[in-house]
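My notes follow the order in which I checked things.

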Amino acid sequence: MTQTAIAPRPKKTILRALAGETLPVPPVWMMRQAGRYLPEYRATRARAGDFLSLCYNPDLAAEVTLQPIRRYGFDAAILFADILLVPQALGADLWFVTGEGPRLSTLTDAAGVQALRPAAAIHDTLAPIYETVRILRRELPADTTLIGFAGAPWTVATYMVAGRGTRDQAPAHAMMAADRQAFAALIDRIADATVEYLSAQITAGAEVVKLFDSWAGSLRGQDFDAFAVAPTARIVSALNDRHPGVPIIAFPREAGPRYVGFAAATGADAVALDNGVSAEWAAQNVQRPGPGGCVQGNLDPRHMVTGGTALVDETRRIIRAFAGGPHIFNLGHGITPDADPDNVALMVETVRSGAA
Ligand code: CP3
């Protein structure tokens with residue numbers, strides 16, 4: 001029997017970088033690329049009524065996900081949702097106070113952990129999110145990668161315990177100190193739910209998933225191992241079993257020296273870097289050629305407000321620093337509402353001009 005040679009389909013740039021390939025021009029997207037700095041986002045959010053109604057309306061959530069793709073042609077779209085939908089699906093009350101941020105019912109002891117819904121029950125609440133993913137896979141341009149996401153257990157726990165965002169995550173640290181077993185049980189419950197949630201996003205069409213551990217930087221020593229590394233490793237391993245070949249990006253924000261070896265310790269395909277580490281240091285110590293060595297991020301989001309030659313210079317410096325290995329261009333944290341959309345265009349143009 002003769003075999004017909006089938007030319008391999010050219011993989012999307014983000015998937016190539018995540019597989020460990022060094023590309024001549026890094027693919028680019030931005031954290032919070034669908035957001036308040038865009039007038040079309042603000043208009044769609046007003047149509048939805050409020051932020052949570054927008055998250056749970058698949059047509060409008062897909063629409064805001066697509067807006068920055070139409071404007072800038074990013075290499076990836078990130079599902080529009082929020083990390084706090086998981087606590088809500090586990091039974092927490094959740095609401096957003098305009099101008100202030102999220103509020104949740106608090107959970108501070110073993111009884112609170114006991115009262116959470118089982119992981120398998122989250123799909124009732126989160127079904128609209130999976131529908132958003134399905135719409136996006138139909139509507140996104142063929143060369144755009146769809147990224148799903150969830151919060152990492154530690155970061156999600158900090159909001160569930162405190163009932164809001166905190167600067168130092170003191171309430172979660174206090175629960176950890178008062179009843180480490182109950183706190184570990186909370187982390188496990190969130191990790192189970194996160195596996196269910198990301199697995200359902202992948203089944204619906206997400207091609208990559210990202211774990212946001214925004215408050216990883218406040219974990220020290222063995223607490224970092226127990227509550228940032230271990231739960232991430234458990235989620236990665238469960239997702240790899242269920243969905244082999246779907247890459248995972250980990251974002252242990254402000255991990256500093258703990259970025260070193262984080263991908264290897266967790267099995268993540270890439271780590272996202274905040275802007276607290278230098279690109280040159282990360283190129284030496286975090287980025288590696290080949291699979292598991294991809295880095296993403298690092299540009300200070302302030303440049304999206306201030307623009308100009310500093311934006312161009314910093315963009316080029318980061319590209320030069322990471323040119324020797326797999327790299328996805330991104331910011332070190334989410335773009336802020338006061339950013340100028342023209343600066344985003346300048347950043348994308350600078351990345352794609354390849355003149356580093
Ligand atoms: O990146 C994207 O474009 C995808 C959507 C996305 C949102 N939140 C939409 C959002 C993602 C990936 C997130 C992640 C998220 N949510 C994190 C982790 C990343 C990070 O920023 O550190 C955290 C900690 C949250 C929780 C959360 N959601 C907070 C603390 C806030 C209030 C702060 C703020 O920026 O207003 C939100 C609200 C939120 N999530 C907005 C958006 C676009 C703004 C809401 C609005 O439109 O008023």
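Entry one, the neighbours. I am working with a predicted model, and I began with what surrounds the ligand. I found 23 residues around the ligand, and R32, Y41, R45, D82 and S214 come nearest. I then sorted this shell by class and got 15 nonpolar, four polar and four charged residues. I also looked up which elements take part: α2 (39–48) and β3 (101–104) each supply at least two residues of the shell.

For R36, I noted a polar side-chain atom 2.7 Å from an oxygen atom of the ligand. Q33 uses its backbone: an N or O atom there lies 3.3 Å from an oxygen atom of the ligand.

I asked myself where the ligand sits, and the space it takes is the largest pocket. I noted about 1,500 Å³ of space in this pocket. Its lining has 48 residues, and R32, R36, D82, F96 and P102 are the closest to the centre. Going through the elements, I listed α2, α3 (51–55), β2 (94–97), β3 and α8 (153–162) as those that give two or more residues to the lining. Which element gives the most to the lining? I found that it is α2, with four residues. By class, I wrote down 24 nonpolar, 13 polar and 11 charged residues for the lining of the largest pocket.

Note on methods
Residues numbered from 1 in each chain as written. Predicted model: local features only at pLDDT ≥ 70, side-chain atom pairs only at ≥ 80, totals over all residues. Heavy atoms only, no water. Near = heavy atom within 4 Å. Polar contact = N/O pair within 3.5 Å; in protein donor to acceptor, adjacent residues only side chain to side chain. 1 Å grid on protein atoms, 1.4 Å probe; cavity = no way out; pocket = protein on both sides within 12 Å on 5 of 7 lines; lining within 4 Å. Sits in = over half its atoms within 2 Å of the grid points. Nonpolar A, V, L, I, M, F, W, Y, C, P; charged D, E, K, R; others polar. Points joined across faces, edges and corners; volume = space filled by probe spheres on them.
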